[in-house]
Amino acid sequence: MNDPERLLTRRDAGLLLGAALAGLTGPLRAQTAAMPRILVGFPAGGSTDVIARRLSEAWRGRLAEAVLVEQRVGAGGRLAVAALKDAPADGGTMLLSPSSMFTIYPHVYRKLAYKAESDAIAVSPICNATCGFGVGPMVPSSVKTLRDFVAWAKAHPEQSSYASPAAGAMPHFLGDQFKRAAGITLAHVPYRGAAPGLQDLMGGQIASGCFILGDFLPHLASGRLRILGVTDHERSRFTPEVPTFAEQGFKAIVGLESYGIFLPSKTPAAVVDKVFDLIRVALREKQVVDGLAKLGFEPLAMAPADYARRLAAERAQWGPIVQASGFSSDD
């Protein structure tokens with residue numbers, strides 16, 4: 001409580017956007033009286049929604065008396081991005097989204113209702129999330145590594161398949177990369193979210209699955225799931241015993257999803273900077289950091305220009321991977 005920087009933040013953070021908007025035009029100043037909102041493209045209770053609600057709680061009384069979390073569910077999160085594109089560029093509407101909407105989707109969907117490069121401003125990530133590749137009881141307990149799984153898959157091609165939370169999502173393409181790198185038959189089975197896929201994996205209806213690591217964590221104690229590899233550059237602190245794909249000889253298989261805050265493309269720079277300040281304030285809060293850890297996420301703030309460069313690099317990275325998979329959609 002005696003940290004001067006923290007005291008200043010508590011005193012002034014509630015007026016950050018108002019101060020930024022005060023020097024701008026009249027209509028923008030009027031926005032400070034409205035309830036700000038965080039758009040979320042996925043259902044209530046999911047990871048994106050939970051992160052948004054943590055931010056909403058951290059910003060209550062700082063950004064405004066209340067910060068609304070508004071679901072715009074549909075089209076794999078694309079409806080929320082389209083809603084942000086059409087929102088006033090005054091700081092009153094933000095989007096919390098996985099980075100895939102801006103890095104992978106441009107290569108997947110032939111008809112995308114937004115331009116990933118220019119229809120939104122990337123303010124900062126909130127956290128990083130690695131993916132994991134795991135197996136269930138269909139695969140013998142003797143299979144303990146990715147190389148073990150490759151041997152099993154070659155011996156049982158008719159049973160060799162993997163679940164993912166959705167066609168066109170990052171885990172889909174990571175699994176496809178693994179299949180091609182290992183030279184195995186590995187049929188992709190997309191689900192409507194992680195929960196039903198993990199249920200079938202634990203029930204022995206499908207051999208393996210690729211999901212965000214945090215989706216696996218609540219089920220590990222059951223003993224019905226084994227994670228064989230993670231897709232970060234280094235091991236996760238949540239599963240330190242599990243080696244990366246690179247450690248097991250699959251150096252090209254790296255996938256790290258960030259969940260970030262985005263603003264409409266014409267939002268003034270002063271407002272972008274103040275929202276970034278608010279993000280850094282939130283990531284100092286224990287309840288936010290602890291809430292992210294429960295999801296298996298690592299907190300991370302990154303300046304807007306740096307985050308934009310990261311997303312551009314990842315967009316370039318995923319293009320040839322998606323193309324090699326042969327998957328695309330007109331949806």
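Serine 100 lies in helix 6. The structure is a predicted model. Serine 100 counts as buried, because its relative accessibility is 3% and the cut-off for burial is under 20%. Neighbours within four places in sequence aside, serine 100 is in contact with Tyr105, Pro106, Met170 and Glu257. Helix 6 spans residues 100-103 and supplies at least two residues to the lining of the largest pocket.

The chain as a whole has 14 helices and ten strands. Of its 331 residues, 53% count as buried. The accessible surface comes to about 14,100 Å². Carbon and sulfur atoms account for 54% of that surface. Contacts were also examined by sequence separation. Among contacts between residues at least 6 apart in sequence, 76% join residues at least 24 apart.

The largest pocket has a volume of about 1,200 Å³. It is lined by 45 residues. Phe42, Pro165, Ala166, Arg192 and Gly193 are the closest of these to the pocket centre. By class, the lining has 27 nonpolar, 13 polar and five charged residues. Several elements each supply at least two lining residues. Among them are helix 4 (47-59), helix 9 (170-182) and helix 10 (194-202). Helix 11 (213-216) and strand 9 (256-264) also belong to this group.

Histidine 172 is found in helix 9, one of the elements that contribute to the pocket lining. Histidine 172 is buried, because its relative accessible area of 6% falls under the 20% cut-off. Leaving out residues up to four places away in sequence, histidine 172 touches Tyr162, Ser164, Ala166, Ala167, His188 and Phe327. Of these partners, Ala166 is among the residues closest to the centre of the largest pocket.

Phenylalanine 211 lies in strand 7, which covers residues 208-212. Its relative accessible area is 0%, so phenylalanine 211 is buried. Residues up to four places away in sequence were again set aside. On that basis, phenylalanine 211 touches Cys131, Gly132, Ala163, Ser164, Pro165, Pro171, Ala194, Gly197, Leu198 and Phe216. Pro165, one of these partners, is also among the residues closest to the pocket centre. Ser164 is a contact of phenylalanine 211 and is likewise touched by histidine 172. Phenylalanine 211 and valine 230 are 19 residues apart in sequence. Their C-alpha atoms are 9.8 Å apart in space.

The cysteines were considered next. The count of disulfides comes to zero. Cysteine 210 is in no disulfide. Its nearest cysteine sulfur belongs to cysteine 131 and is 5.2 Å away, whereas a disulfide requires sulfur atoms within 2.5 Å. Cysteine 210 counts as buried, because its relative accessibility is 2%. Cysteine 127 is also buried, because its relative accessibility is 0%. Cys131 is in contact with phenylalanine 211.

Helix 5, residues 78-85, is mostly covered. Six of its eight residues are buried. These are Arg78, Ala80, Val81, Ala82, Ala83 and Leu84. The buried residues of helix 5 pack against both strands and helices. The strands are strand 1 (37-40), strand 3 (93-98), strand 4 (120-135) and strand 9. The helices are helix 6 and helix 7 (105-108).

Methods: Residues numbered from 1 in each chain as written. Predicted model: local features only at pLDDT ≥ 70, side-chain atom pairs only at ≥ 80, totals over all residues. Heavy atoms only, no water. 1 Å grid on protein atoms, 1.4 Å probe; cavity = no way out; pocket = protein on both sides within 12 Å on 5 of 7 lines; lining within 4 Å. Points joined across faces, edges and corners; volume = space filled by probe spheres on them. Helix = DSSP H or I, 4+ residues; strand = E, 2+ residues; numbered from the N terminus. Nonpolar A, V, L, I, M, F, W, Y, C, P; charged D, E, K, R; others polar. Buried < 20%, exposed > 50% of the residue type's maximum accessible area, 1.4 Å probe, protein only. Contact = heavy atoms within 4.5 Å. Areas by Shrake-Rupley, 256 points an atom, 1.4 Å probe, with all protein chains shown as cover.
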